[in-house]
Amino acid sequence: MTAHAHDTTTIGTTTTAGRPARRPDAGSIRLTQRDIDGFMLAGEHYGVPSDLLAVALRVQPARLTAITARWRRAGYAATGRLGPGPAWYWLTRDGMTATGLGFPATRPSLGRLAHIRAVLAARLWLQAGEVWQQGRAWWHCERRLRADLPAAGRREHVPDAEIHWPSIDGSPYAGQVWAVEAELTPKPLERTTRIMAGLLLPLRYAHVIYLTAPAARAVVKRAAAELPPAERAQVVIRDLPPSAFTPEESS
């Protein structure tokens, strides 16, 4: 049998002349580093509000809409307005599986939205600093800290995050680990003092960074004042950045 020039039939595959073959990955998305960064951030922080996600990915809101639409179409993320302010994004089971983090894929709980936002805003604010970038610090999130604990130790207080400073030449904090606490509302003074003292146990943290809302600042300062002078010097109290608070108007 004589083959004709226009015959495109091959063993195991038949295509139509002039039509490109279907890609093996058709129906999925090709992930960029920006996509991966967004997935990891959402997975580590339970979920992310859209305005802070845009800051983290360094994109304008319109561009973020297109990026996250791809995530939803591929089944990696879900979105919704969970309260006042911007929409939130969180990972689906497929999205969490893709990250390899191993955390449950659940929608952020309403009671923790303000705190989740405050911790994420604190992270982005600290990471934008020159000292952070020069020291090549990295963030160890609460979810990772809890996962690292043995079952018997999971009732002890876990900070909102750790900051790890690599042992590099020229870093003023080389080899140190800091605890980070984001305080939106005041706790009882006794509890705050106990938590603070526990974080400052020998060989645990070089510094404890308290980032506070105005309502919580006085209690945190009183708790620090009750510590011995050497431990008191290890506590740093600063204001939360403005981005820690939900915008009054939805975006």
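Where is Arg136 found? In this predicted model, Arg136 sits in the loop between helix H6 (130-135) and strand S6 (138-141).

Most residues other than glycine have a negative phi. Arg136 has a phi near 55°, a positive value in a residue that is not glycine. The relative accessible area of Arg136 is 59%, so Arg136 counts as exposed, the cut-off being over 50%.

Arg58 also has a positive phi, near 60°, and is likewise a residue other than glycine. The loop that holds Arg58 runs between helix H2 (50-57) and helix H3 (61-73). With a relative accessible area of 77%, Arg58 is exposed.

Is Arg117 buried or exposed? Arg117 has a relative accessibility of 2% and therefore counts as buried, since the cut-off is under 20%. Arg117 is part of helix H5, which covers residues 113-127.

The side chain of Arg117 makes a polar contact of 2.6 Å with the side chain of Asp51. Leaving out residues up to four places away in sequence, the residues that Arg117 touches include Pro49, Asp51 and Leu52. Also among them are Pro86 and Trp88, as well as Ser243, Ala244, Phe245, Thr246 and Pro247.

## Phe39 in helix H1

Phe39 belongs to helix H1 (residues 33-44). Its relative accessible area is 3%, so Phe39 is buried.

Which residues are in contact with Phe39, leaving aside its neighbours within four places in sequence? They are Leu31, Trp71, Tyr76, Leu91 and Thr99. Phe39 and Gly95 are 56 residues apart in sequence, while their C-alpha atoms are 7.2 Å apart in space.

## How helices H8 and H9 meet

Two packed helices are described by the angle between their axes and the distance between the axes. For helix H8 (residues 189-199) and helix H9 (residues 214-225), the axes come within 9 Å and cross at roughly 55°. At this angle, H8 and H9 are therefore oblique to each other. Their crossing is right-handed.

On the H8 side, the contact is made by Leu189, Thr192, Thr193 and Met196. These residues meet Val219, Val220, Arg222, Ala223 and Ala224 in H9. Sorted by class, the contact of H8 with H9 has six nonpolar, two polar and one charged residues.

Terms used: Residues numbered from 1 in each chain as written. Predicted model: local features only at pLDDT ≥ 70, side-chain atom pairs only at ≥ 80, totals over all residues. Heavy atoms only, no water. Helix = DSSP H or I, 4+ residues; strand = E, 2+ residues; numbered from the N terminus. Buried < 20%, exposed > 50% of the residue type's maximum accessible area, 1.4 Å probe, protein only. Polar contact = N/O pair within 3.5 Å; in protein donor to acceptor, adjacent residues only side chain to side chain. Contact = heavy atoms within 4.5 Å. Axes fitted to C-alpha atoms, helices over the stretch in contact; angles between N-to-C directions. Parallel < 35°, antiparallel > 145°, perpendicular 65-115°, else oblique. Left-handed = near helix turned anticlockwise from the far one by under 90°. Nonpolar A, V, L, I, M, F, W, Y, C, P; charged D, E, K, R; others polar.
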